[in-house]
Structures are given as structure tokens and as C-alpha cells.
Amino acid sequence: MKHARIRFQGDIHAVTVEDNNAVRLADGRLLAEDQVEWLPPANGSMFALGLNYADHAAELAFSPPTEPLAFIKSPGTYTGHNQVTWRPDNVAYMHYECELVAVIGKPARNVKREDALQYLAGYTVCNDYAIRDYLENYYRPNLRVKNRDATTPVGPWIVDVADVPDATNLKLRTWINGELKQEGTTADMIFDIPYLIEYFSSFMTLQPGDMIATGTPEGLADVVPGDEVVVEVEGVGRLVNRIVSESEFFAARG
Amino acid sequence: MSSALDKAAAGTLFGIALNYQGLLRSRLEEFQQPPYQKPPVKPVLFIKTSNTRNGHDQPVVFPAGVERLQPGPALGVVIGKDASRVSETEAMNHVAGYLIVNEFSLPEDSYYRPAVKAKCRDGFCPIGPELVPASQIANPNALGIRLLVNGELRQQNNTANWVRNIPQLIAELSEFMTLHAGDVLITGTPEGRVDVQPGDTVAVEIDGLGRLVNTVVAEGAL
């Protein structure tokens, strides 16, 4: 089953998702995909992995890490399915990153990898945009690159663990304006989800709603205002986002 | 932690590293070398995840298998009103008040990669003892800050030595991310972090903000 959070007529609802992405409210009403505002399906901290695909590490001219390289995102950077993300004025390179996300369902501390999936609420998808112009070599990748308002689309929904029989063999794909730009498979992940849950929970307690964004394969490209960017993880979800200019974003927000 | 404080400061805990002039100066030579290449241009930020939240008079766990643990005395700024693209002159209108933060960390030998393992352990961010309204602190830019271990003064500085003051931080951060009501800016720990051991009582004092006290306990001793 797929679970989402949406806003409809000013109220936030926890819904289930049915055929054609129609959403079922608790009171039984069924609404079409484009009738609702899709919200991020979880709101904890996001632990995002850098360089977790060997091909992507090579693309960025890094050796693959021997220990997970994680950075943290806070809820202000999340946005939902079918929403917009802004490209700052006067930057040279803003790229998408299609990622499989594990969502934590219950507190996880000292969890062994063979038990790890029991701690998941399910899986979702994120687009971990980066503005490379702003990279600095302090706590890299720094928050100005990765924790910008509405610059991490997440969703559209959380799919149950039982509905994804093998998360280590899923195709990841990104399209810009319908053109396939990035293609990879979770089989090429360096540290898989059970390993990452064991790793983080060995020194901290992962909380319900926390998310682990598992990194992206090679195939990055620049995006500009007007682009429609779609990231998809096979069997999990297809997350749509549109790039707007800085002035358009802040004018709309008022 | 008091429930009132919990509610007023329920948002994200954003830390600013290298925000004391003495600390930054002491590393400048190193920051010309790889992997840094040049000193930081923008505020150096990190996030203390929600599992790190802790309160006054509560234990802080010295993790098993860890050699050294260091408290991090800091002034916390609690955001009272959402701040997006706020100028320095307007910034203080978005501040609800101040509290003391003890930003515990394992020692950091490098600033190159995010310090999740050093900074995001359970209970590594006591805040308190209470939220002092902004109106009660005439000049947050000139407050003495002291760390005492078992009653002995071990580290002291003054917020006059910040690299960036509160309006500058709010302006630079809110340029790219909204600071939400309830978020806390941890304005930095001065140079001279000290080691603490299980059994130690650790207190942070800031002029006008009171005293935040915690005891260090060995993992498994709770």
C-alpha cells in the first residue's frame, strides 16, 4: 500500500494512494492526483549519503568511501510531488539527484542489519538537488548547497516494505522534459539500507519519520527554470518537480 | 527540559562552527592547505538532530568505545517568527529570546566532512535552563560565557568575539533557508574545548541567561 500526506481545501490529510494516483481520504472521498497539494510524506531529519554509488564517486573524481559519508537535511528543505524548486540567479550548475529513500518507522538503536527492515515505515523517493557553485570545503556538502528552501522534493508517497521485495535491485531514472538523463540501479549502491541502519543506529537513535537518502548514480546534468524534472525509483514512485527562477519562487510565496 | 521550553524551541537545532575569532584565527594557516584550500566564505553550519535534545539537570552519556568527549558552551538564539530573506536591520524582530546550549561533541580533527558521528549522538545537545526573552538582554553581543567542570572554571570567552553576530547570521542563513519559529541557532563554541569524564558535573554560564548543568555518565550506567 502507498501512504501520502496531502493538503486539500486547507486541511492536511493522511491518505492512501490508489489507481492513477487518486488519493483516498479517511472519510472515503476519492480525489484525483491534480486536485490535491502533495506534501512530503515524512518530516524527520534526512540522512543523505554522498558518494554511495561507485560510478558517481568516479564522476566527481573521488575514491569510493570506506565509511558512509552522510550529511543532514532539515524539514524546511523538503517539498512534495508536483511542486516547484527554485534555481538561484547567477549560478552555473544546479543538478538533480535521483535517490531511493528509506523511511524510519520506529526508534532504531543498535539494530543489526538482518533486523533492519523491521524498523522501516517504507520507502520513498527524493530528488536531492545541489547547487554546486556554493560548495565549500567545510562540512562538505555544506547546507547552502543542500539545505535550501524547497530544494529537496520527497515523495510522492511511502510504499510499504512488503511491496518492495528486493530494494537492492531497483532501477533509478531521471528525465528532464521527457528526455532520459540518468539511469542506474540500486544494485550498485556501496552501502545498502540494512548496512546504513546498522551504521547510524550504532551511535545514535534513528527516530520515526527520519529518512535515509541512499545516494545517486552517475548521470548528472544542469537544470534551468522551466524544466520539468522527473525522478523515478522502480516499484517505489515517480516524483515530478518543476524548476522556477528565484524571482518567480519568492513572488509566488509572497 | 521544561515543557514550555520544549514548545518554544521545538524546531531544528542549527549549529554554527568556527564563529569565535580566536578559534578561526588559530586554524587559518591550516585552512590555506588541502583539503580546505581557502578559509570559509559563508557561515559553517551543521545540524544537531532531534535525538540530541537534552535538558537542564539531565545526564549526558559518555558513549562506550569513545575516548574523548568535549562540552561546547554556546549561546542559543530561539527564532520567534519565520525569517526568510531578512536583512540585518530587521533580523532581531525574528528573535524570541536566548538560552544556553551545551553542544557536546567528540573532538573534531577535521572540518572537511559533516561531523554526524561526532555531534549527533543521543543527548548531545542540552538546552536551557529557560528561554530568556530577547527584551531582557540589552546587548547579546557582549555577554561573558563560562564553562565549569566540577565547579572549576575551564573555558571562558565573550560573545563580543563572535565572527558573525546574530543579525549577520540571520541575514546570511535566511537568504537560502527559512528560519522557522522554534528553530535554534547555536552561535558557536569558543576555542579551548576541554575533555570531560564520566562523573563530571558540567555547567555553562552566560551573563543574564543563567546556568545550564549536566552530569556526564558512562554508557550503561543509567
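The model is predicted, so local features require pLDDT of at least 70 and side-chain atom pairs count only at pLDDT 80 or more, whereas totals for chains, interfaces and linings use all residues. Residues are numbered from 1 along each chain as its sequence is written, with chains lettered from A and ligands numbered from 1 in the order in which they are written.

Chain B contains five helices and 12 strands (DSSP runs numbered from the N terminus, with helices being H or I of at least four residues and strands E of at least two). Its radius of gyration, taken over C-alpha atoms, is 16 Å, close to the 17 Å given for 222 residues by the globule rule, so chain B is as compact as a globular protein of that length. The globule rule is 2.2 Å times the number of residues to the power 0.38. Along the principal axes, the C-alpha atoms of chain B fill a box of roughly 45 × 45 × 30 Å. Of the 222 residues of chain B, 45% are buried (20 or more other C-beta atoms within 10 Å of the residue's own, with C-beta atoms placed from the backbone; exposed means 12 or fewer, and partly exposed in between). Among contacts in chain B with a separation of 6 or more, 79% join residues 24 or more positions apart (a contact requires C-beta atoms, placed from the backbone, within 7 Å).

Strands E5 (residues 73-79) and E10 (residues 184-186) of chain B pair in the antiparallel sense over three bridges, and Gly76(B) stands opposite Ile186(B) in E10(B).

At the interface, 29 residues of chain B are in contact with 23 residues of chain A. On the chain B side, E2 and helix H4 (116-119) are the elements that give two or more residues, and E2(B) provides the largest share, four residues.

The peptide bond from Gly128(B) to Pro129(B) is cis, with omega near -5°; Pro129(B) lies in strand E7 (residues 125-133) of chain B. In chain A, a cis peptide bond with omega of about 0° joins Arg140(A) and Pro141(A).

Methods: Two strands pair if DSSP finds at least two bridges between them. Two residues are in contact if their C-beta atoms, placed from the backbone, lie within 7 Å.
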